[in-house]
Amino acid sequence: MSHSIQIAVVGSGYVGLVAAMCFAEMGHQVICVDNDERKVAALQGGDTLIHEHHLPELLERYRNTRVRFTTDLAEATNECSAIFIAVGTPQSDSGDADLSYVEAVASEIARHITSYKVIVEKSTVPVYTNEWIRRVIERNGVNREMFDVVSNPEFLREGTAVADFLHPDRIVVGADSERAAALLSAIYAPLTEGDYYKNEGAIAGCCSTSAPPPLLQTSTKSAEIIKHASNAFLALKISFINAVSNLCEAADANVEQVARGIGLDSRIGPKFLRPGIGYGGSCFPKDVAAFRSVAEQMGVDFSLLSEVEKINVGQKKRFLSKVRSALWTLRGKKLAVLGLAFKGDTDDIRESPAIDLVEMLLAEGCSVVAYDPAAMKRAEAELPASAQMRYASNIDEAAADADALLILTDWPEFAQLDLRKLNATLRYPIVIDGRNLYDPNVMFDHGFTYMSVGRPTITQTHTREQSKVPTSAGSQK
Ligand SMILES: NC(=O)C1=CN([C@@H]2O[C@H](COP(=O)(O)OP(=O)(O)OC[C@H]3O[C@@H](n4cnc5c(N)ncnc54)[C@H](O)[C@@H]3O)[C@@H](O)[C@H]2O)C=CC1
Ligand SMILES: O=C(O)[C@H]1O[C@H](OP(=O)(O)OP(=O)(O)OC[C@H]2O[C@@H](n3ccc(=O)[nH]c3=O)[C@H](O)[C@@H]2O)[C@H](O)[C@@H](O)[C@@H]1O
């Protein structure tokens with residue numbers, strides 16, 4: 001039977017905030033700490049600040065009851081037995097993970113330890129980080145018996161973060177002390193013992209059957225490597241299918257058929273075989289680079305990861321070539337861009353391939369009118385509005401009189417465009433789809449010249465007037 005535990009989560013971003021809310025949902029008492037005063041004030045006022053399903057309702061339910069927000073790490077350290085570190089570990093100029101935020105938090109925690117604490121490293125970090133945290137705490141004068149450091153990597157995806165946290169495939173606990181491992185087991189017991197899933201109001205998982213997840217206990221070093229290896233492997237899968245999609249284009253084959261044929265082999269599986277414009281986001285690019293760098297520093301040849309990165313960069317350039325091959329010259333062309341976030345269902349634009357592509361198009365002299373359902377505010381901070389870069393308030397406004405429409409993010413609503421209306425709105429009926437959201441035959445029937453990834457290109461040979469939508473056009477995919 002699970003019981004309520006006092007937990008502190010340091011860092012209230014995509015991972016920390018979701019973890020805090022989910023721990024509360026699992027029945028624990030949580031103090032959520034951040035050193036950004038404005039963020040703490042917004043959270044105290046009920047604003048989640050990020051676009052994530054279920055988060056607003058959980059914040060509403062638990063703020064002032066099971067979750068408290070503060071900038072005061074001393075108070076949190078004092079009151080809680082487990083302190084989760086969920087601050088950023090961005091990529092430094094050399095490719096390594098910048099661990100200075102983790103170190104700062106560890107030193108600060110050390111200054112306030114007066115009774116036994118378990119410090120849980122949740123940020124994604126290279127192997128040996130837990131050992132360094134331990135040293136930093138000891139150097140700050142804390143006796144070794146007063147604390148343990150545990151690695152508990154997080155595998156949630158943005159957009160489905162809450163559901164992923166509550167329905168994980170596995171929970172990894174890297175602990176070199178049984179006392180610390182027991183506390184982590186107690187924290188996750190509502191999931192591993194299945195009690196949470198019996199609640200009538202339990203949040204459903206994206207695709208799981210809600211079978212209780214296994215808790216895998218490992219050494220701290222193994223846990224650290226599990227996280228980096230997982231992200232690197234997923235990135236590798238994406239680069240693999242992107243390379244295959246290029247081969248399909250050269251051979252006039254269809255990558256969707258190929259991906260299905262590969263994915264039906266249960267040893268390979270169908271997931272993460274969607275070709276596109278390359279992976280992005282705050283994690284895959286930095287984690288592949290950090291893992292490569294760790295291997296290099298340890299004298300291990302892992303050049304496979306450099307190839308993964310090379311294919312990923314190439315995929316964006318390839319998309320740009322497609323735009324050029326559809327429009328010939330780019331200077332002065334007006335392009336409608338759908339999607340700025342690094343993937344659908346998030347407002348996150350960190351390392352977004354869509355943003356990279358817009359920057360490339362602007363550098364080529366195109367003008368861009370972009371629309372994204374959630375990421376425009378963040379995008380505008382990076383790509384300020386100008387005569388060349390405009391933001392539209394809806395899809396129609398973006399498409400109006402554009403020379404072509406580019407689909408760069410797989411938002412569900414971009415897969416449901418009114419194709420007749422779109423054909424009439426665009427200056428030329430040209431769609432270049434970086435996410436394969438449409439069936440090429442349907443696009444042909446609707447009069448479009450349609451280019452996608454790893455599938456045959458459909459080119460209308462007749463003029464703009466003749467490519468107006470036929471009245472008996474087929475239905476959308
Ligand atoms: N975003 C994601 O989907 C996932 C991220 N991760 C990993 O989790 C870690 C955190 O990532 P995000 O949540 O995306 O980062 P984020 O940038 O959204 O949030 C980090 C938060 O930490 C706060 N912070 C920094 N220094 C602090 C300090 N000294 N005291 C208190 N708060 C401090 C920042 O103000 C910020 O709110 C990274 O290592 C990332 O690789 C792991 C799984 C998924
Ligand atoms: O460590 C992390 O931060 C997280 O990184 C990813 O999650 P996330 O970055 O939220 O997004 P994904 O859904 O994995 O997509 C990453 C990128 O790959 C692209 N992608 C994904 C899948 C695919 O088949 N093809 C493809 O191009 C997406 O468009 C996106 O740009 C992992 O999926 C999570 O397990 C992990 O916890």
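This is a predicted model: local features need pLDDT of at least 70, side-chain atom pairs count only at pLDDT 80 or more; totals for chains, interfaces and linings use all residues.
Helices (H or I, at least four residues) and strands (E, at least two) are taken here as DSSP runs, numbered from the N terminus. Residues are numbered from 1 along each chain as its sequence is written, and chains are lettered from A and ligands numbered from 1 in the order in which they are written.

Let's zoom out to the protein chain. Its secondary structure comes to 18 helices and 14 strands. The C-alpha atoms fill a box of roughly 80 × 50 × 45 Å along the principal axes. Of the 477 residues, 47% are buried. Buried means that 20 or more other C-beta atoms lie within 10 Å of the residue's own, exposed means 12 or fewer, and partly exposed is in between, with C-beta atoms placed from the backbone. As for contacts (two residues whose C-beta atoms, placed from the backbone, lie within 7 Å), take those between residues at least 6 apart in sequence: 72% of them join residues at least 24 apart.

The chain splits into domain 1 (6-218), domain 2 (227-276 + 286-302) and domain 3 (312-451), with bounds that come from an automatic or database domain assignment. Over C-alpha atoms, the centres of domain 1 and domain 3 are 37 Å apart. Where these two meet, four residues of domain 1 are in contact with seven residues of domain 3. The domain 1 side of that meeting divides into one nonpolar, two polar and one charged residue. For those classes, Ala, Val, Leu, Ile, Met, Phe, Trp, Tyr, Cys and Pro count as nonpolar, Asp, Glu, Lys and Arg as charged, and the others, Gly among them, as polar.

Now for the ligands. Ligand 1 has 26 residues around it, and Gly 11, Gly 13, Val 15, Ser 123 and Thr 124 come nearest; a residue is near a molecule if its C-beta atom, placed from the backbone, lies within 6 Å of it. Helices α1 (14-25) and α5 (100-112) each supply at least two residues of this shell. Sorted by class, the shell has eleven nonpolar, ten polar and five charged residues.

Ligand 2 is surrounded by 20 residues, with Arg 274, Tyr 279, Gly 281, Cys 283 and Lys 343 the closest. Helix α10 (residues 220-251) gives the largest share of that shell, three residues. By class, the shell around ligand 2 has ten nonpolar, five polar and five charged residues. Domain 1 and domain 2 both give residues to it, so ligand 2 lies between them.

Next, the annotated positions. In an unreviewed UniProt entry, the annotation "binding site" covers Asp 34, Lys 39, Thr 89, Thr 124, Glu 158, Lys 286 and Arg 350. They span 317 residues in sequence and the farthest two C-alpha atoms are 24.2 Å apart, so they do not all gather at one spot. UniProt positions are in the numbering used here, feature names are shortened, and annotations may be inferred rather than shown by experiment.

Three of these are worth a visit. Lys 39 is in helix α2 (residues 37-44), and with 19 other C-beta atoms within 10 Å it is partly exposed. Leaving out residues up to four places away in sequence, Lys 39 touches Ser 12, Asp 34 and Leu 49. Thr 89 lies in the loop between β4 (82-85) and α5 and is buried, with 25 other C-beta atoms within 10 Å. With residues up to four places away again left out, the contacts of Thr 89 include Ala 97, Ser 123 and Thr 124. Lys 286 is in helix α12 (residues 284-297) and counts as buried, with 23 C-beta neighbours inside 10 Å. Beyond four places in sequence, Lys 286 is in contact with Pro 90, Gln 91 and Ala 97.

Finally, back to Tyr 62. This residue is partly exposed, with 19 other C-beta atoms within 10 Å. Tyr 62 touches Met 21, Ala 24 and Val 67, not counting residues up to four places away in sequence.
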